Amino acid sequence: MKPKVVAFDVIETLFDIQPLEEKLKAGGLPGGSLQVWFARVLRDAFALEVSGDYKTFGEVARATLGAFASEQKIDIDKSKIEETIKSFVELPAHSDVKPAFENLRDTDVRIAALTNGSAETTKKMFENAGLEQFVERYISIDEVKHWKPAREVYLHAAKMLDVDPPELALVAAHDWDIQGAKRAGLVTGFIQRKIAFSTAMGEPDVSAETLLKVVENLLRRP
């Protein structure tokens with residue numbers, strides 16, 4: 001059905017992570033390190049989730065960056081690690097985010113952010129990008145101590161937003177996020193930024209190459 005609320009994944013879906021590449025280079029890491037490091041963050045986070053342990057995004061990001069630098073035989077300064085982690089709040093929003101948000105606002109569909117990061121950092125990201133006026137609530141995995149794509153996260157979001165799961169849509173640029181949301185009973189929208197959707201995952205309800213088009217497709221649902 002047409003959702004009452006649309007919850008957006010944050011990193012890569014709404015905000016471009018590429019500027020962090022320069023931060024890693026400044027720390028002495030080789031070009032292309034961002035892609036490897038961020039994949040390691042997700043890998044270790046998912047491993048912790050499956051094994052029944054929980055650590056925050058910051059904890060996992062710092063640990064994986066230190067381990068990656070060690071593997072590269074680079075003695076990265078702790079201050080450079082902290083500088084990189086803090087730089088998340090400065091990431092730019094993709095150009096199609098504001099038009100998509102305006103479309104939802106104009107049709108009285110509520111907007112939330114659903115993040116594997118902290119609510120505080122996420123809120124600062126939106127404030128710095130001038131998008132905070134659109135967002136009703138910032139929901140973090142820290143509230144349930146489970147990483148997406150665990151179904152507990154999506155069900156918690158529905159509860160906090162006071163809607164049933166089928167009345168909540170999850171929009172993400174990650175197929176694993178779509179998979180988790182579908183398993184929890186949410187409507188799903190996939191935005192293809194750089195990575196194509198894997199056929200191993202459950203097919204999204206709508207998909208497009210721009211966020212505005214994803215939103216338009218969600219709003220066309222009966």
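Most residues other than glycine have a negative phi, and most peptide bonds are trans. The model is a predicted one, in which local features need pLDDT of at least 70 and side-chain atom pairs count only at pLDDT 80 or more, while totals for chains, interfaces and linings use all residues. Residues are numbered from 1 along each chain as its sequence is written, and side-chain values use heavy atoms, with hydrogens and water left out.

Consider the whole protein before its parts. The protein has 9 helices and 6 strands; helices (H or I, at least four residues) and strands (E, at least two) are DSSP runs, numbered from the N terminus. Its radius of gyration is 17 Å, close to the 17 Å that the globule rule gives for 222 residues, so the protein is as compact as a globular protein of that length. This radius is taken over C-alpha atoms, and the rule is 2.2 Å times the number of residues to the power 0.38. Along the principal axes, the C-alpha trace spans about 55 × 35 × 30 Å.

Of the 222 residues in the protein, 48% are buried. Buried means under 20% relative accessible area, exposed means over 50%, and partly exposed lies in between (1.4 Å probe, protein chains only). Among contacts with a separation of 6 or more, 63% join residues 24 or more positions apart; a contact means heavy atoms within 4.5 Å. The protein exposes about 10,500 Å², and carbon and sulfur atoms supply 49% of that area. Such areas come from the Shrake-Rupley method with a 1.4 Å probe, and for residues only the protein chains shown count as cover.

Return now to H7, which covers residues 151–160. Which residues of H7 are buried? They are Val153, Tyr154, His156, Ala157 and Ala158. An α-helix has 3.6 residues a turn, so residues three or four places apart point the same way. The buried residues of H7 pack against strands E2 (110–115), E3 (137–140) and E4 (168–172), and against helix H8 (175–183). In the loop between E3 and H7 sits Pro149. The peptide bond from Lys148 to Pro149 is cis, with omega near 20°.

H8 is the next helix to look at. Its buried residues are Asp175, Trp176, Asp177, Ile178, Gly180 and Ala181. They pack against helix H2 (33–51), H7, E4 and E5. Just after H8, Gly185 takes a positive phi of about 95°.

Strand E5 (residues 187–191) is mostly covered, with 5 of its 5 residues buried. Val187, Gly189 and Ile191 point one way from E5, while Thr188 and Phe190 point the other way, and all are buried. How many bridges join E4 and E5? The two strands pair in the parallel sense over 4 bridges; strands pair if DSSP finds at least two bridges between them.

Beyond E5 lies the loop between E5 and E6, where Ile195 is found. Is Ile195 buried or exposed? At 54% relative accessibility, Ile195 counts as exposed. The C-alpha atoms of Ile195 and Asn103 are separated by 25 Å, and the two residues are 92 residues apart along the chain.

Strand E6 (residues 206–208) holds Ser207. With 43% relative accessibility, Ser207 counts as partly exposed. Leaving aside neighbours within four places in sequence, Ser207 is in contact with Phe190, Val214 and Asn217. One of these, Phe190, is among the buried residues of E5. The C-alpha atoms of Ser207 and Pro165 are separated by 19 Å, with the residues 42 apart along the chain.

Phi of Glu12 is near 75°, a positive value in a residue other than glycine. Glu12 lies in the loop between strand E1 (5–8) and helix H1 (20–26), and a relative accessible area of 23% makes Glu12 partly exposed. Asp108 also has a positive value in a residue other than glycine, with phi near 60°. Its place is in the loop between helix H5 (97–106) and E2. Asp108 is exposed, with a relative accessible area of 68%.
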